[in-house]
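User: Hi! Could you walk me through this model?
Analyst: Happy to. Here it is.

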Amino acid sequence: MTLVHVIERVTRAFRLPPLSQPVMLLALAFLVTACSDDSQERRRSLGDAPSFGDFMRVADAGRGARLFGQCAACHTVRMGAGDRNGPGLYDVVGKPVASRSRRFGYTGALRSAGGVWTPERLNAWLAAPAKFAPGTSMSFRGVPDPLDRADIVAYMQAQSVEAGGAEALSSRP
Ligand code: HEC
């Protein structure tokens with residue numbers, strides 16, 4: 001018996017108007033999506049003053065994939081997918097800053113930041129790009145929520161050579 005049949009039975013048994021069927025389906029769909037996001041639970045599990053490491057320990061790359069939607073206007077993250085307004089980000093975690101794309105014209109602001117994209121530095125960059133590299137061309141105000149940032153970093157980590165690259169997750173922008 002399918003879900004639709006169950007709902008039909010319930011509406012008949014309780015003599016509910018036929019319109020309540022789509023409404024019930026919608027409510028169910030909403031419940032399912034709400035329950036599949038356990039971010040509130042993860043936040044609670046971390047206690048009062050979680051560090052970035054704590055956030056990374058509970059990070060969810062699958063949710064990060066959805067949150068990456070806000071980056072996808074400017075970035076791809078698949079192997080060989082190329083640049084948009086921003087450089088392609090495949091395999092960016094652990095790599096030198098301003099090096100992922102050979103064709104992209106990085107600003108001096110970002111290049112002079114130097115070093116490698118550790119998860120910690122990506123966290124700082126994503127919190128406030130203009131603070132991390134004043135003068136950067138990444139015109140994006142940042143991701144204010146630390147758990148959101150950890151999830152996005154975990155997602156980018158999964159999009160890497162070590163993680164199996166293109167096969168790591170199916171729902172990528
Ligand atoms: C409006 C366009 C835009 C959006 C939205 C945007 N970026 Fe960027 N991003 C850029 C540009 C442009 C650069 C290059 C900055 C520079 O050279 O100063 C960049 C650079 C980066 C880099 C450095 C890449 C390297 O090779 O060193 C990372 C990592 C990055 N962005 C991640 C993100 C993530 C994650 C998001 C979403 C949370 C995001 N960006 C949202 C435009 C954008």
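**Core and ligand shell**

Analyst: The largest nonpolar core has 29 residues, and those with the most contacts inside it are Ile-152, Val-153, Ala-154, Tyr-155 and Met-156. A nonpolar core here is a set of buried Ala, Val, Leu, Ile, Met, Phe, Trp, Tyr and Cys residues joined through C-beta atoms within 7 Å. A residue is buried if 20 or more other C-beta atoms lie within 10 Å of its own, exposed if 12 or fewer, and partly exposed in between, with C-beta atoms placed from the backbone.

User: Which helices supply at least two residues of this core?
Analyst: Helix H5 (61–67), helix H7 (119–127) and helix H9 (146–158) each do. The largest share, 8 residues, comes from H9. Helices (H or I, at least four residues) and strands (E, at least two) are DSSP runs, numbered from the N terminus.

User: Before I go on, what kind of model is this?
Analyst: This is a predicted model: local features need pLDDT of at least 70, side-chain atom pairs count only at pLDDT 80 or more, and totals for chains, interfaces and linings use all residues. Residues are numbered from 1 along each chain as its sequence is written.

User: Thanks. What does Ile-152 touch?
Analyst: Leaving out residues up to four places away in sequence, Ile-152 touches Gly-64, Leu-67, Phe-68, Leu-126 and Val-143. Two residues are in contact if their C-beta atoms, placed from the backbone, lie within 7 Å.

User: And H9, how many of its residues are buried?
Analyst: H9 is mostly covered, with 11 of its 13 residues buried. Those buried residues pack against helix H3 (39–45), helix H4 (52–57), H5 and H7.

User: New topic: which residues come nearest to the ligand?
Analyst: Of the 29 residues around the ligand, Cys-71, Cys-74, Gly-86, Arg-100 and Thr-107 come nearest. A residue is near a molecule if its C-beta atom, placed from the backbone, lies within 6 Å of it. Helix H6 (108–111) and H7 are the elements giving two or more residues to that shell.

User: Last one: how many helices and strands are in the protein chain?
Analyst: The protein chain has 9 helices and 0 strands. Of its 173 residues, 25% count as buried.
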